[in-house]
Amino acid sequence: MRLAAFEPPRLNDGATRELMEKVSVSVDPELDATFPRQRAARVAITARGRREELVQPTRKAILTFRSAIRKLEEKFMELAAPVIGNPARGHC
């Protein structure tokens, strides 16, 4: 999730609002017990009467190590640069 996802144009978009009404989030007690202190997920999507389910034990299982590091660095800079400046641009 990036900060841009929470900006008014995105949150007030009609298609986004419509989708938000169709999404529910809850803690899965079984996954929470199996993977304590981790971000496990069980995603179930029902479309046109057909239900598909995906269990994602941990985010790390999906991303490669290098990809995870790159994404973490990008997210850090996105969140920190407005406060501390951007070293790549000489603004620190």
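## Confidence and basis of the model

Among the elements of the chain, helix α1 (residues 8–11) has the highest mean pLDDT, at 89, whereas strand β2 (residues 50–56) has the lowest, at 71; pLDDT is the predictor's confidence in each residue, on a scale from 0 to 100. Averaged over the chain, the pLDDT is 76, and 77% of the residues score at least 70.

This is a predicted model, in which local features need a pLDDT of at least 70 and side-chain atom pairs count only at pLDDT 80 or more, while totals for chains, interfaces and linings use all residues. Residues are numbered from 1 along each chain as its sequence is written, and side-chain values use heavy atoms, with hydrogens and water left out.

## Architecture and exposure of the chain

The chain has four helices and two strands, arranged along the sequence in the pattern α-α-α-β-β-α; helices (H or I, at least four residues) and strands (E, at least two) are DSSP runs, numbered from the N terminus. Of contacts in the chain between residues at least 6 apart in sequence, 17% join residues at least 24 apart, a contact being heavy atoms within 4.5 Å.

Of the 92 residues in the chain, 8% are buried, where buried means under 20% relative accessible area, exposed means over 50%, and partly exposed lies in between (1.4 Å probe, protein chains only). The accessible surface comes to about 8400 Å², and 57% of that surface belongs to carbon and sulfur atoms; accessible areas come from the Shrake-Rupley method with a 1.4 Å probe, and for residues only the protein chains shown count as cover.

Helix α2 (residues 14–21) is hardly covered, since the count of buried residues among its eight residues is zero. The N-terminal end of α2 is capped by Asp-13, of which a side-chain oxygen lies 3.2 Å from the backbone nitrogen of Ala-15.

On the surface, Leu-19, Val-23 and Val-25 form a nonpolar patch with about 330 Å² of accessible area together; patches are made of residues with over 30% relative accessible area and no salt bridge, like charges being joined within 9 Å and nonpolar side chains (Val, Leu, Ile, Met, Phe, Trp, Tyr) within 5 Å. Val-25 is placed in the loop between α2 and α3 and counts as exposed at 76% relative accessibility. Val-27 is placed in the loop between α2 and α3 (29–34), and Val-27 is exposed as well, with a relative accessible area of 64%. The C-alpha atoms of Val-27 and Ala-40, which are 13 residues apart along the chain, are separated by 9.6 Å.

## Leu-31 in helix α3

Leu-31 lies in helix α3 and, at 7% relative accessibility, counts as buried. From Leu-31 to Ala-41, 10 residues apart in sequence, the C-alpha to C-alpha distance is 7.3 Å.

## Salt bridges

Side chains of opposite charge can pair when their charged atoms come close. The structure holds two salt bridges, each defined as a side-chain nitrogen of Lys or Arg within 4 Å of a carboxyl oxygen of Asp or Glu. In one of them, the side chains of Lys-22 and Glu-18 meet at 3.7 Å, N to O, and Lys-22 counts as exposed at 64% relative accessibility.

Arg-70 forms a salt bridge with Glu-74, in which the closest N and O atoms are 3.5 Å apart. Because Arg-70 and Glu-74 are four residues apart in helix α4 (residues 65–84), they are separated by about one helical turn. An α-helix has 3.6 residues a turn, so residues three or four places apart point the same way. Arg-70 counts as partly exposed at 41% relative accessibility, and Glu-74 is partly exposed with a relative accessible area of 39%.

Terms used:
A polar contact is a pair of N or O atoms within 3.5 Å; within protein, one must be able to donate a hydrogen and the other to accept it, and residues adjacent in sequence count only if both atoms are side-chain atoms.
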